[in-house]
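Here is a short tour for a first look. Keep the structure open while reading.

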Amino acid sequence: MLAMNYRGPFRVRAAQKPYPEILHPGDAIVRVTRSCICGSDLHLYHGLVPDTRVGMTFGHEFIGVVEEIGSSVQNLSVGDNVIVPFNVACGKCAFCKQGLFGNCHESNPEATAVGGIFGYSHTAGGYDGGQAEFVRVPYADVGPTIIPDWMDHDDAVLLTDVVPTGYQAAEMGGIKKGDTVVVFGAGPVGIMAAKSAWLFGAGRVIVIDHLEYRLDFVKKYAQCEAYNFRSMEDPVLFIKKTTDWFGADVCIDAVGGDAAGSALQTITGRKLMIQAGSATALHWAINSVKKGGIVSIVGVYGPTDNLVPIGNVVNKGITIRANQASVKRLLPRLIDHIQAGRLNPKEIITHRVPLEEVSDAYHIFSAKLDNCIKPILIPPSARQ
């Protein structure tokens with residue numbers, strides 16, 4: 001089968017790999033019809049995530065058709081069209097029982113770091129991902145959700161990660177009616193976090209980024225304020241001034257370790273890699289939020305240390321909430337939001353690229369070319 005193949009930092013290609021096999025009675029094999037390149041995939045692409053091995057297939061955002069099922073699978077049938085959450089979750093451990101599917105304790109040998117994630121290095125279990133024609137899906141009775149007949153499949157593929165992650169970012173912010181919410185990062189997750197903030201009652205939503213085309217997009221899509229930090233002397237000072245010197249009620253870090261904006265953070269976190277990515281956006285979030293406010297983190301950092309102003313967290317009485325989105329828990333309400341027209345995920349898709357051209361797609365997305373917001377990959381069989 002054709003699949004994305006990782007060859008080292010900034011080097012990916014489409015290559016032939018063996019067809020996946022049923023390895024456990026609870027497995028399913030899914031024929032992929034759409035997969036996405038996620039901003040989190042760029043952390044892998046840029047070499048920022050430990051134990052990302054040559055030969056791996058990325059892709060934790062995909063939907064498809066069930067081709068085979070293991071002998072114990074009861075909730076799926078061959079031919080079902082399914083949303084596959086990016087979380088690989090057993091459904092039975094103590095964390096899954098709490099709805100914390102992103103923290104499953106059984107799906108990843110490195111479970112003290114994170115639950116299992118499709119296509120996200122061996123620190124997340126070493127599972128091959130969905131930027132391929134076919135993918136093995138463990139715990140097939142737990143994660144996969146049948147796509148409603150009325151749902152556009154472009155909307156469905158964005159329910160595998162980007163919509164739930166943006167929505168959970170807003171949820172973790174504990175947004176109350178009238179709150180001022182600041183989102184750092186106007187990538188797909190930041191866009192969805194800004195859009196979702198209104199659903200929780202925000203009175204004002206501000207997005208900070210440095211790419212004008214993304215700022216223009218989020219301003220229109222999420223009906224929010226959008227500002228370029230390159231035009232500011234200090235983003236923290238700007239946010240303080242515009243909130244009567246109190247700070248925002250909620251700040252969301254939707255950037256993670258690839259953040260720009262600080263030479264020190266960039267050198268130590270992205271060039272020398274002596275910390276787990278550049279923590280610039282996290283610094284701004286901590287320093288911009290009001291005393292007693294909430295910082296919500298969904299941006300991806302590595303599992304090692306970061307330079308973070310923890311003293312400011314303590315002295316300001318800040319609450320920090322962070323996690324991988326628990327997709328399965330959120331799907332029912334997100335499907336309802338889409339059906340009601342409150343969310344229109346497919347509108348953020350800007351590029352549809354054949355899987356054979358995955359190398360070009362990564363380059364375009366990584367280099368922020370051609371006003372790319374969200375690229376999806378289409379395997380050959382889905383184009384017939």
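Start at Val-218. Leaving aside residues up to four places away in sequence, Val-218 touches Ala-186, Ile-191, Ala-194, Val-207, Gln-223, Cys-224 and Ala-226. The model is predicted.

Val-218 also belongs to the largest nonpolar core, which has 79 residues. Leu-159, Val-218, Ile-348 and Tyr-362 touch the most other members there. This core draws at least three residues from each of domain 1 and domain 2. The table sets the two side by side.

| Core | Residues in core | Members, including |
|---|---|---|
| Largest nonpolar core | 79 residues | Leu-159, Val-218, Ile-348, Tyr-362 |

Next, Glu-133. This residue sits in the loop between β7 (116-117) and β8 (134-137). Is Glu-133 buried or exposed? Glu-133 counts as buried because its relative accessible area is 14%, and the cut-off for buried is under 20%. A polar atom of the Glu-133 side chain lies 2.7 Å from the backbone nitrogen of Leu-2. Glu-133 touches residues including Met-1, Val-30, Arg-31, Leu-355 and Pro-379.

A UniProt annotation from an unreviewed entry, "domain: Alcohol dehydrogenase-like N-terminal", covers residues 25-144. Over that stretch, the chain is 9% helix and 24% strand. The end C-alpha atoms of residues 25-144 are 15 Å apart.

How values were computed: Residues numbered from 1 in each chain as written. Predicted model: local features only at pLDDT ≥ 70, side-chain atom pairs only at ≥ 80, totals over all residues. Heavy atoms only, no water. UniProt positions renumbered as here; feature names shortened; annotations may be inferred. Helix = DSSP H or I, 4+ residues; strand = E, 2+ residues; numbered from the N terminus. Core = buried A, V, L, I, M, F, W, Y, C linked by side-chain atoms within 4.5 Å. Buried < 20%, exposed > 50% of the residue type's maximum accessible area, 1.4 Å probe, protein only. Domains from an automatic or database assignment. Contact = heavy atoms within 4.5 Å. Polar contact = N/O pair within 3.5 Å; in protein donor to acceptor, adjacent residues only side chain to side chain.
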